[in-house]
Amino acid sequence: MFDPQELRRVMGLFATGVTIITTRDGAGQPFGLTANAVTSLSLDPPLLLICIDKKAETYPHFLDSGCFVVNILAGDQEELSRRFAKSGGDKFAGLPHSRNQAGVPILEGTLAHLECVIVETHEGGDHVIHVGRVEHAEARGGKPLCFFQGKYRHLAD
Ligand SMILES: Cc1cc2nc3c(=O)[nH]c(=O)nc-3n(C[C@H](O)[C@H](O)[C@H](O)COP(=O)(O)O)c2cc1C
C-alpha cells in the first residue's frame, strides 16, 4: 500500500487556502475545525464538498445539525487556524462570532463565508465527504492564509 506519510508529503505540494468549518450539535453548542480539504463542486446547483476525519471531535455534529459554514481565513488569522486545528477545550471562548439562521457560527475577520446544507454524504476511507448546497455566501476580500508543505504561508503580492 502507498505510504500515508508519503501521500501527505506529496499532497503538501498542492498549495491551498485555509478554512475553519463550523457546525453545531443538537443542543446548539458550537463546534469547528481547521480544514483545507474544501472544493468547489458545482455552480448549478451551487455545491461544494468538504472532507472530515471520522476521528475529529466535530465529526458527529455534522450529522446532528445537517449543515455547516465554511469560513475562509485571512492572512492574519494563523493563530485562529492553530486553535481550531487542536481537539478539546472551548474553541469559541472569547471569539467574536455571529450565528446564521441554523445556529451555526460565522467567524469575524475572514475573507468570506459560505453557509451550506448537507445534501449528500459519502464514505472516503478514514474521512467522510459531505456535499453542501450553498444557501448563502458573503465575500469581504483581503489577503488569504495559505498552507504549503506543512507550513502556513502568506501571499507576497
Ligand atoms: C492546514 C490544516 C488543514 C486541515 N484540513 C483538514 C481537513 O480538511 N479535514 C479534517 O478532517 N481535518 C483537517 N485538519 C485537521 C483538523 O483541523 C484537526 O484534526 C482538528 O484537531 C480537529 O478538531 P476536532 O477534533 O475538535 O474536531 C487540518 C489541519 C490543518 C492544520
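Predicted model: local features only at pLDDT ≥ 70, side-chain atom pairs only at ≥ 80, totals over all residues.
Strands of a sheet pair through backbone hydrogen bonds, and the pairing can be parallel or antiparallel. In a regular strand, side chains alternate between the two faces of the sheet.

Now the turn. β11 and β12 make a hairpin with two residues between the strands, and in that hairpin Gln149 takes a positive phi near 50°. Gln149 lies in the loop between β11 and β12, and its phi is positive although Gln149 is not a glycine.

What is the order of the strands in the open sheet? There are three of them, in the order β1-β11-β12, with antiparallel pairing. β1, residues 16-17, and β12, residues 151-154, are at the edges with a single partner strand each, so one side of each has no neighbour in the sheet.

On to a second hairpin. This one is formed by β4 and β5, and four residues separate the two strands. β4 and β5 run antiparallel and are joined by four bridges. Within this pairing, Thr39 stands opposite Leu49 in β5.

The loop here also has a detail to look at. Which two residues does the cis peptide bond join? They are Asp44 and Pro45, and omega is about 10°. Pro45 is in the loop between β4, residues 38-42, and β5.

β5 brings us to the ligand. Both β3, residues 30-35, and β5, residues 47-53, supply at least two residues each to the shell around the ligand. The ligand itself sits in the largest pocket.

How many residues are around the ligand, and which come nearest? There are 19, and the nearest are Thr34, Asp53, Thr58, Ser87 and Lys91. By type, the shell has ten nonpolar residues, five polar and four charged.

At Thr34, a backbone N or O atom is 2.8 Å from an oxygen atom of the ligand. At Asp53, a polar backbone atom is 2.8 Å from a ligand oxygen. At Lys91, by contrast, a polar atom of the side chain is involved, and it lies 2.8 Å from an oxygen atom of the ligand. As for cover, the ligand on its own has 640 Å² of accessible area, and the protein covers 83% of that.

To recap, I showed the β11 and β12 hairpin with Gln149 at a positive phi, the β4 and β5 hairpin, and the ligand in the largest pocket. That is the end of my part.

Note on methods:
Residues numbered from 1 in each chain as written. Heavy atoms only, no water. Near = heavy atom within 4 Å. Polar contact = N/O pair within 3.5 Å; in protein donor to acceptor, adjacent residues only side chain to side chain. Areas by Shrake-Rupley, 256 points an atom, 1.4 Å probe, with all protein chains shown as cover. 1 Å grid on protein atoms, 1.4 Å probe; cavity = no way out; pocket = protein on both sides within 12 Å on 5 of 7 lines; lining within 4 Å. Sits in = over half its atoms within 2 Å of the grid points. Nonpolar A, V, L, I, M, F, W, Y, C, P; charged D, E, K, R; others polar. Pairing = 2+ DSSP bridges.
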